[in-house]
Amino acid sequence: MVFRSEYEPVPAVSLPIHEAVLGRAAEHGDAPALIDGTGDLTLTYAQVDTFHRRIAAGLAEAGVRKGDVLALHSPNTVLFPVAFYAATRAGASVTTVHPLATPEEFAKQLRDSSARWIVTVSPLLGAARRAADLAGGIEEILVCDQADRAEGHLSLQAMLATTTPEPFVDIDPDEDIAALPYSSGTTGVPKGVMLTHTSIATNLAQLEPFIPMGPGDRILAVLPFFHIYGLTALMNAPLRQGATVVVLPRFELDQFLAAIEKHRINGLYVAPPIVLALAKHPAVADYDLSSLEYIVSAAAPLDASLAEACSARLKLPPVRQAYGMTELSPGTHVVPLDAVNPPPGAVGKLLPSTEMRILSLDDPARDAEPGTEGEVAIRGPQVMKGYLGRPDATAAMIDTDGWVHTGDIGRVDGNGWLFVVDRVKELIKYKGFQVAPAELEALLLTHEGVADAAVIGVYDEDGNEVPKAYVVRQPHAADLSADDIIGFVAGHVAPYKKIRRVEFVDGVPRAASGKILRRELRERENT
Ligand SMILES: CC(C)(COP(=O)(O)OP(=O)(O)OC[C@H]1O[C@@H](n2cnc3c(N)ncnc32)[C@H](O)[C@@H]1OP(=O)(O)O)[C@@H](O)C(=O)NCCC(=O)NCCSC(=O)/C=C/c1ccc(O)cc1
């Protein structure tokens, strides 16, 4: 059975993303678009409009051409959105990089995406230079935050002085790639997700009626812009509608609470660990959070009683969930802000122009019995174009009828609410960040004391999923300890991918094909 959205379809928004988002920026003029939540800098809509055009001219002058891949490597700053739209206006596809990626991880992404340009911030220049050396093929490393050409790197700020006219680039929004975030999908290592201008812009139009933001609304950008959730909910959506975005570089509880109080934030888009902090942390009582009107949570499963504790403490309507994934530009379901008594735990209703099937877990060619659990499959204009350079992985994810097999297990109630109950995919979600077991297993096998290894997600006391390694020692490495393993991995990966539990075993369960039997390990955990 195909579930169809109960809402009127929305027409595709076939526009370059910078036009779809900033097309009306000049009209908003002096209204604040972006405020630095750690300082005083404010960019008005008129400035964002002018600045991104000047930087696009500067990038074109530096040699950026249509189809080039530009790696944007920065924590959240007020210049991040400006750099993003400047790059797309110059014709580039933007691949966003985690600011804490190690040089090796960064280099992998540069090589895989055939990136030619890096835009970073000066504190991260060292990592960017090492990554560029490892990867090769980089024309130039540019820096967002320097007023001049310090340290020999072109600066985006210096480009604001350019008198060169903005480039005219002929973008085909339906075909050309605007964003190339990296995602593991349901299995394997991170892959470049090709999102066209149209798929991202149309997804904004699909979401807008349900979580409207407009002039006067003040949104807090604490989740990273480099993930599709932040890029959509905290950057594209508010800037398209004329709201004000207060920007924080990372989640630090007191700074976050102080920013809500100081800037009279009314809408929060967060992930479950922040809902947990709001529900339980004593510091919450020290701040005036009365400006808040709603909280939306996505990126990872949210416990219904935790959501209830959070909204009760802050005297807010129930926390709204939304559901999506990078491969879906990203949104497919949302609990509308104006929904009356949405059922606890629901991740939402199908967005307009989106179809869903719930596939049988025994036979994915068939639908599950109505009301029962199955794998969520999605079809709509927000489906990615594919994984860059990986036709096989693309075919494994999108079937010949255009359905994306999400790897999440869900159930739909009689009123069309989706509940996500589990997942079939291998991926670990640490605080909403993807951690691919295959990547950590490959790394563990490079340790001279490790004979074999498997990684799965287990739950800690706070209900966070954390990566756990099962390790088989080499015969000569009898004294290899858990701390050795944890330290070794931490030395090679971004902090969110760290191994946080270790168990030594005599053997890793494998199928005859050699595939790790993760289900067996998971069952062992639960007994
Ligand atoms: C703010 C969070 C929730 C919590 O922050 P945290 O507690 O500091 O944890 P981190 O995960 O950032 O940091 C991990 C480690 O790195 C460390 N770290 C941290 N920043 C630093 C630093 N700048 N220096 C140095 N060490 C540091 C940090 O201290 C920590 O170290 P450790 O103590 O060992 O755990 C953070 O985890 C976070 O941003 N998570 C969200 C990720 C996210 O956006 N994912 C979205 C994927 S896309 C998606 O799901 C789409 C959904 C969607 C659905 C529907 C829609 O409509 C739209 C979208």
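Is alanine 299 buried, partly exposed or exposed? Alanine 299 is partly exposed, with a relative accessible area of 27%, where buried means under 20% relative accessible area, exposed over 50% and partly exposed in between, for a 1.4 Å probe and protein chains only. The model is predicted, so local features need pLDDT of at least 70 and side-chain atom pairs count only at pLDDT 80 or more, while totals for chains, interfaces and linings use all residues. Residues are numbered from 1 along each chain as its sequence is written, and side-chain values use heavy atoms, with hydrogens and water left out.

Alanine 299 belongs to the loop between β14 and α12 (304–314); helices (H or I, at least four residues) and strands (E, at least two) are DSSP runs, numbered from the N terminus. Although it is not a glycine, alanine 299 has a positive phi of about 90°. Lysine 431 is also not a glycine and has a positive phi, of about 50°. Its place is in the loop between β23 (428–430) and β24, and at 38% relative accessibility lysine 431 counts as partly exposed. Most residues other than glycine have a negative phi, and most peptide bonds are trans. The bond from serine 329 to proline 330 is cis, with omega near 0°. Proline 330 lies in the loop between β15 (320–324) and β16 (331–334).

The aromatic side chains come next. Rings of Phe, Tyr and Trp (its six-membered ring) pair if their centres lie within 6.5 Å; planes under 30 degrees apart count as stacked, over 60 as edge-to-face and the rest as tilted. A search of the whole structure finds 7 such aromatic pairs. In one of them, phenylalanine 251 and phenylalanine 256 have ring centres 5.3 Å apart and planes at 75°, so the pair is edge-to-face. Phenylalanine 256 counts as buried, at 0% relative accessibility, whereas phenylalanine 251 is partly exposed at 31%. Tyrosine 269 and tyrosine 294 also form an edge-to-face pair, with 5.8 Å from centre to centre and 80° between the planes. This pair links distant parts of the chain: tyrosine 269 is in strand β13 (residues 267–270) and tyrosine 294 is in strand β14 (residues 294–297), 25 residues apart. Both tyrosine 269 and tyrosine 294 are buried. Elsewhere, ring pairs link Phe226, Phe433 and Tyr496 into a cluster.

Two lysines are placed over aromatic rings. A charge sits over a ring if NZ of Lys or CZ of Arg is within 6 Å of the ring centre and within 35 degrees of the ring normal. The charged end of lysine 191 sits over the ring of tyrosine 387, 5.3 Å from its centre. Lysine 349 lies over the face of tryptophan 417, at 4.8 Å from the ring centre.

Pockets and cavities are found on a 1 Å grid over the protein atoms alone: a cavity is a set of points where a 1.4 Å probe fits but cannot get out, a pocket is an open set with protein on both sides within 12 Å along at least five of seven lines, and lining residues have an atom within 4 Å of a point. Grid points are joined across faces, edges and corners, and a volume is the space filled by probe spheres set on the points.

The second largest pocket holds about 500 Å³ of space. Its lining has 24 residues, and the closest to its centre are Gln109, Tyr182, Pro190, Tyr496 and Lys497. The lining divides into 11 nonpolar, 7 polar and 6 charged residues, where Ala, Val, Leu, Ile, Met, Phe, Trp, Tyr, Cys and Pro count as nonpolar, Asp, Glu, Lys and Arg as charged, and the others, Gly among them, as polar.

The count of cavities of 30 Å³ or more comes to 1. The largest cavity has a volume of about 40 Å³, and its lining includes Phe84, Val94, Phe226 and His227. β5 and α9 (228–241) give two or more residues to this lining, which divides into 9 nonpolar, 2 polar and no charged residues.
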